Amino acid sequence: MSRPTADWLIRLRQNTGLASAIALFLAFYLFYNIFHPKGFSTPVLVQNADEAIALAMVAMAQTIPVLMGGLDLSVGAVMTMVNCLASHLVIGSPLQIAFGIVTCIAAGAAFGFANGCIVVYGRIQPIITTLATGAIAIGIALFLRPKPGGKVDEDLSWALTNSLSDFAETYGLFDGGKAAWFQPIAWIPAALVLLVLVILLIWVPFRRTVIGRTIYAVGSAEGAAFMSGLPVDRAKIAAFTLSGVFAALGGLFLAIQTSSGNADLPQASAYTLNSIAAVVLGGTSLLGGSGSAVGSVFGALILRVISFNFRIFDIPPLMQSLVEGLILLAAVSLGGLRVLQVKNRLELFR
Amino acid sequence: MHASRIAGVAFAGLLLSSVAVLAGPKTVSGPGADPQCFKPWNEKTKYLQWDKKPGPYRIAVVNGFVGNTWRIQMIKTAKAYAEQPGVKEKIKEFKVISTGTDVAAQLGAMEDFINQGYDAIVTIAVSPEGFDRVIRLADKNNVVVVPFDNVLDTDKVMMVNEDQLEMGKIYGRWLREQLGDKKSGKILEVRGLPGNSVDRDRHIGFQEVMKNGANFEIIEVVGNWDDGTAQKVTADAIAAHGKFDGIIVQGGSTGVTRAMQDAKHPWVPIAGESENGFRKLLAQYGKDGLKGLSVGQSPGLVAIATKAALSALEGNPMPQLISVPIPQARYDEMKDGANYWSNLTDNFFTVNEFKPCNVNITATEIMAKDEKNTTN
C-alpha cells in the first residue's frame, strides 16, 4: 500500500488558484510595506483596508453567480444604489442607524432576489438580465441622489474606517479602548474585522448548506444537478439574493467611508469590471463549478495592491494602466500553467 | 460614581487635548499673498493660513480619470511646471498618479500620500462629496490639499478653478457684440457632458446674456465636449434648421467648425474652447467671416494649483477659493507659435499662459515631457 498523501497537501492541490492568489498578494504587499516610509504601521494598514473593502465585497458578490456559470453585471450598480440609499438612511439615533443599515442590506437582497426570479422564471441568461436590471439600479440611484450629497453618521463613519482602538474609543467600549486585554488586537483595522466577519458569518455557513453545494453543482453540470434532485431553481434565486447582499454591504461601506452618496455611473461600471477581474484572479473558473468567495477577496486585494505600489515606485503616470494590465495578464496566465501538466490533451476540453 | 466622574473629566481633557493637536489651517483675514494671481472668488471668500514649513517640499498630484487629451496634457503640464527654474528648487519630490473613476481608490491614494509624509496633495476630485475623512487627516498632519477643476462642496480646503458661469457669459457677450443690433435669430448651443456642474454653469451664464433684452431662438444640442460627437450633432442641427446666426460650443470646437465647413454653412460668429485645431481654423478663416472667440479651461490650472500649494506651505495667507483669470483670444489675435501652433495636433489645448501668475508653460515644454514620473 502506498503512503497516503497528507491531508493538507490534497487541500492545497484542490485550491491552487486560491493559494497562488494569496501568495501573489502577500508578495506585492510585503514589497509595498518594505518600501513605504511608514510600512508595517497601523495607519498604512487602516488606509489599505478602507480602500480595498468595498471592492472585496463586490468581488464576493460577483463570485456566487460566476460559480453557477453566469455573470452578474449589476453588482456595481446595486452597490451604487445602496450607497445612495445609505446616504439618506444611515443617520440619526442609534435605532434609526440600525434600521437604515438593515434596510440597505434588505434593499440589496431584494434586488438580487428579483434578479434571481427573472433568471429562473423568465428563463433569461443572467448576463442579459443583470445588464438590464443594472441600468434600473443606476436609475434608482440617480432618483435617490440626483447630485452627490447626503450624510452618514459621523461616529459610525470614523469608527468603521479606523483601527479597533479608535472604534472602541468612539463608542466607549473596553474602557475607551484602553483595556489591557484589548491592546494586542487594538491595531487591527475595523474594516478588516468587518470583512472577516462577513466571510465567517455569511459565506462559510452558506457554502456548507445544500443550497450552497447546489450552486457548485449547477456550475459544473446543471443537467446532472437537476437529475440528482437538487433544488436548482431555489439555488439560483438564493445565489443572486446573496450576491445582492454582498453588493449592498459594499455600497454601505462606501457610504460610510465617504459619508455621502453618489450615483456615479462610470464608478459603478468600474466596480463591476474589477469584480470580474478579482473573481478570475482569485482562482474561480468563469465556466462555474469551482472557486470560492475567499479567493475573490484576495483577487480584489491583488487589484488594489498593484496600485498601492504605483504610489511608492516611479512608474510614468501615463504608463500605469499598461503596467497594471501586464501584471494582471501575467497573474491570470499563472493559472493557465496547469495546461502544461496535462497528460492527455483531451482533458482540456472537459 | 466618583470614579466615573473623574473618568469623565479626564475624557473631556483628552478631547480638548486632541482638539489642540488637530492642526490644519487657521482662518485669517485677507489680503492674501500675490493677490493678482491668487484672486479670491468673491468678496465673501475667506482666507486660510497654514503653519510655515521648511522646504523643499514633497508634492503629489492625484488625478482621477485619465483618457482624454485634456487630462493627459494636464499631467504633462504638471511635470513641465515642476521642472521650471524657480519651482524646481522648491520641490524635493513630485509624484503624479491616476486612480481612475473610483472614489475609494482616490481617497486611498490621498491618505497614502499623507501617511508617506507628503507636504501637499493637488487633485481633481472624482466626486464633489466624500472627502471629509481625508481632509480631517490632512489637517491633523498639516498637509495642504488643493482640489482644482472638479472641486469639492466644502470650504475647509483651498481650491482653484476658473469661473464657469463667467465663461458662459463671455460666450454670450461675444455673440451679442458680433451680432450688433440683431435681437433675434437662430443660435446653436453645443453643450458638454450632461449632469456636470461645469456644463450647467456655462449654460446658465450663456443663456442669461442671450436672453437679456433680446428674443433669440436658441437650439441646444449635446456634444459631450468631444470633437467627434460635437461634429455629428452640429451637422444634424444644420441639416434640420438650415442656417444659424451664431454658434457657441463648450468643447469639441474643432469638430463644430468642421461640420460648418462640410455643410457649406456660411461663416458666422462663434465662441468656443481653446483647442489648437479651432484656433488654426480661426486664423485661417477669420478674415472670411469666421469671427470666433476662443476661451479656455486650461489644463495649466494644475500649475496654478501647485503654485498655490507651494505658497500655502511657505506660510502665506491664501484665499479659500481661488478664481483663475479666464484666458481668451479673438480670431484677429491669432499668432502662430504664440497662441496656436500649426505644427501641433488639433486636440492640443492652447492656453497655458497665466500672465498675472507669471506662469507660462510653453507648448514645446509640455510636448517634450515624455510622461516620465520624475523624482528629483
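**Exercise 1. State which residue follows H8(A) and describe the surroundings of this helix.**

H8(A) is followed by Gly172(A), which has a positive phi near 60°. Helices here are DSSP runs of H or I with at least four residues, strands are runs of E with at least two, and both are numbered from the N terminus. The model is predicted: local features need pLDDT of at least 70, side-chain atom pairs count only at pLDDT 80 or more, and totals for chains, interfaces and linings use all residues. Residues are numbered from 1 along each chain as its sequence is written, while chains are lettered from A and ligands numbered from 1 in the order in which they are written.

Next, take burial. A residue is buried if 20 or more other C-beta atoms lie within 10 Å of its own, exposed if 12 or fewer, and partly exposed in between, with C-beta atoms placed from the backbone. In H8(A), residues 164–171, the buried residues are Leu164(A), Ser165(A), Phe167(A), Ala168(A) and Glu169(A). Their cover includes helices H7 (154–160), H9 (174–177) and H10 (190–208) of chain A.

**Exercise 2. Describe the overall form of chain A from its radius of gyration.**

Start with the secondary structure: chain A has 16 helices and 0 strands. Then compare the radius of gyration, taken over C-alpha atoms, with the globule rule of 2.2 Å times the number of residues to the power 0.38. For 350 residues a compact globule would have a value near 20 Å, and the 21 Å of chain A agrees with this. The C-alpha trace spans about 60 × 50 × 45 Å along its principal axes. Finally, buried residues make up 48% of the 350 residues in chain A.

**Exercise 3. Work out which elements of chain A touch chain B.**

Two residues are in contact if their C-beta atoms, placed from the backbone, lie within 7 Å. By this rule, 33 residues of chain A are in contact with 30 residues of chain B. On the chain A side, the elements that give two or more residues are helices H3 (42–67), H13 (232–258), H14 (265–281) and H15 (293–310). H3(A) gives the most, with 6 residues.

Now sort this side by residue type. Ala, Val, Leu, Ile, Met, Phe, Trp, Tyr, Cys and Pro count as nonpolar, Asp, Glu, Lys and Arg as charged, and the others, Gly among them, as polar. The division is 14 nonpolar, 13 polar and 6 charged.
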